[in-house]
Amino acid sequence: MWLSDFKLVLPDRIIENGSILVEHGRIADILDHPVQSGVDGRGAYILPGFVDMHGDMIELEMEPRTNVHFPIEVALPHLDARLAAAGVTTAYAAVSFSRSARKGERRSFEHTSNVIRSLYRLKGDCRVDHKIHARFDITFDNAVGVLQDLVNDDQVDLVSLMDHTPGQGQYRDIERHIQLTAQRQKVSEDEARQSIEERIERRKRPEEEILNNIRKVSEICKVQGVSLASHDDDTVQKANLMADIGAVIAEFPVALEAARATAARGMMNAMGAPNAMRGQSYSGNLSARQAHQEGLLHILASDYHPAAILASVFILAKSDPNGLPGAVALASANPAKALGLSDRGQLAIGQRADLCIVERQRATRVIGTLSEGNVIYSAGLLTGLTPKSCRAA
């Protein structure tokens, strides 16, 4: 199947009015001119499909309100459709093991383990290539064994190490955290302060126990070849520790000095697309745009809003040294490289035909998405771009 007369965003340049040949799920040819047959793009963009290495949405789809639980058989297809409509073709569902969760609750090791195994059971029926990103609370000893079993069973594709104890990491500004907690929970700041102080006390652990958990998880990942990421790095010391244990991605560094340290150690800094789109972190931490200006932003992730990826790509393209190809790489080639996915992330011959088609006039709107050459989303604006016609071709 030919896709003709599109604006193709290649790794190093843009081809105006180019064409792509899709055969057997791969990009078979790329031309710098339109062809006579195939889908007429009328100048719409084609980008590589987005590789989203961190999306929190599955937990929210399964529990959209506190204690309102939806079965994964209902939640996953809805999320899958949202991701496809946002141009995401590879999605790492971020699910957490949290020490504060009680048995059976969201983020308890029983609940999260069941979510992971259910995702793997159901993902073959999805449009998007779903993978598992297990977020490991380093204060949670009991989850080490569970994680070991899941990794051994090839149920986990990425592990990140996190610590959400207030006073460090994402919540290092304790006064701001108290204010935000009071607003979110609709309580007084005194009540929020007391709750947070109690949480800090509950999570206190000897440093050697924390380091032991980190080492165990690192070793599990090394043995099984699973990528490892750090989370919310806030100091140079923590950045160097994460690099020392083999982390390849620094998720959401909260301070500029930490982002500089992780980049200097060869790690890729990942930040949220909503942060880049809005120009600021909702929690008052490092701005993704500032990190980009400093040459320290390598990966964009949906975080909690998939549609922000495309919007942030075109915003950052205005200041990226490599223009639109450079900004597109933040959501495609770079995360694919960091995660060892050598078959996707670029418009290049031989790569998977994972494609994101974007309206020319409104560059924040995805009008079509292909995964391995199959149309998984279409806004109905391009004649011939339908799942049925693609399969026939």
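These legends describe close-up views of one predicted model. Residues are numbered from 1 along each chain as its sequence is written, and side-chain values use heavy atoms, with hydrogens and water left out. Local features need pLDDT of at least 70 and side-chain atom pairs pLDDT 80 or more, while totals for chains, interfaces and linings use all residues.

**View 1. Strand 2 and strand 3 form a hairpin.** Helices (H or I, at least four residues) and strands (E, at least two) are DSSP runs, numbered from the N terminus. Strand 2 covers residues 14–23 and strand 3 covers residues 26–31. The two run antiparallel and are joined by 5 bridges; strands count as paired if DSSP finds at least two bridges between them. V22 has I27 of strand 3 as its bridge partner. The turn has 2 residues between the strands, and H24 there has a positive phi of about 55 degrees.

**View 2. Helix 2 spans residues 72–85.** Its end C-alpha atoms are 20 Å apart, which agrees with the 20 Å that its 14 residues should span at 1.5 Å a residue. The expected span is 1.5 Å times one less than the number of residues. I72, A75, L76, L79, D80, L83 and A84 are the buried residues of helix 2. They cover an arc of only 155 degrees around the axis, so they lie on the same side of helix 2. The arc is taken from the directions from the helix axis to the C-beta atoms. Buried means under 20% relative accessible area, exposed over 50%, and partly exposed in between (1.4 Å probe, protein chains only). An α-helix has 3.6 residues a turn, so residues three or four places apart point the same way. Just after helix 2, G87 takes a positive phi of about 85 degrees.

**View 3. Strand 8 is mostly covered.** Strand 7 (residues 88–97) runs parallel to strand 8, with 8 bridges. F97 stands opposite F136. Strand 9 (residues 158–162) also pairs with strand 8 in the parallel sense, over 5 bridges. D137 has M162 as its bridge partner.

**View 4. E359 sits in the loop between strand 14 (355–358) and strand 15 (366–371).** At 13% relative accessibility, E359 counts as buried. Leaving aside neighbours within four places in sequence, E359 is in contact (heavy atoms within 4.5 Å) with Y45, R365 and I367.
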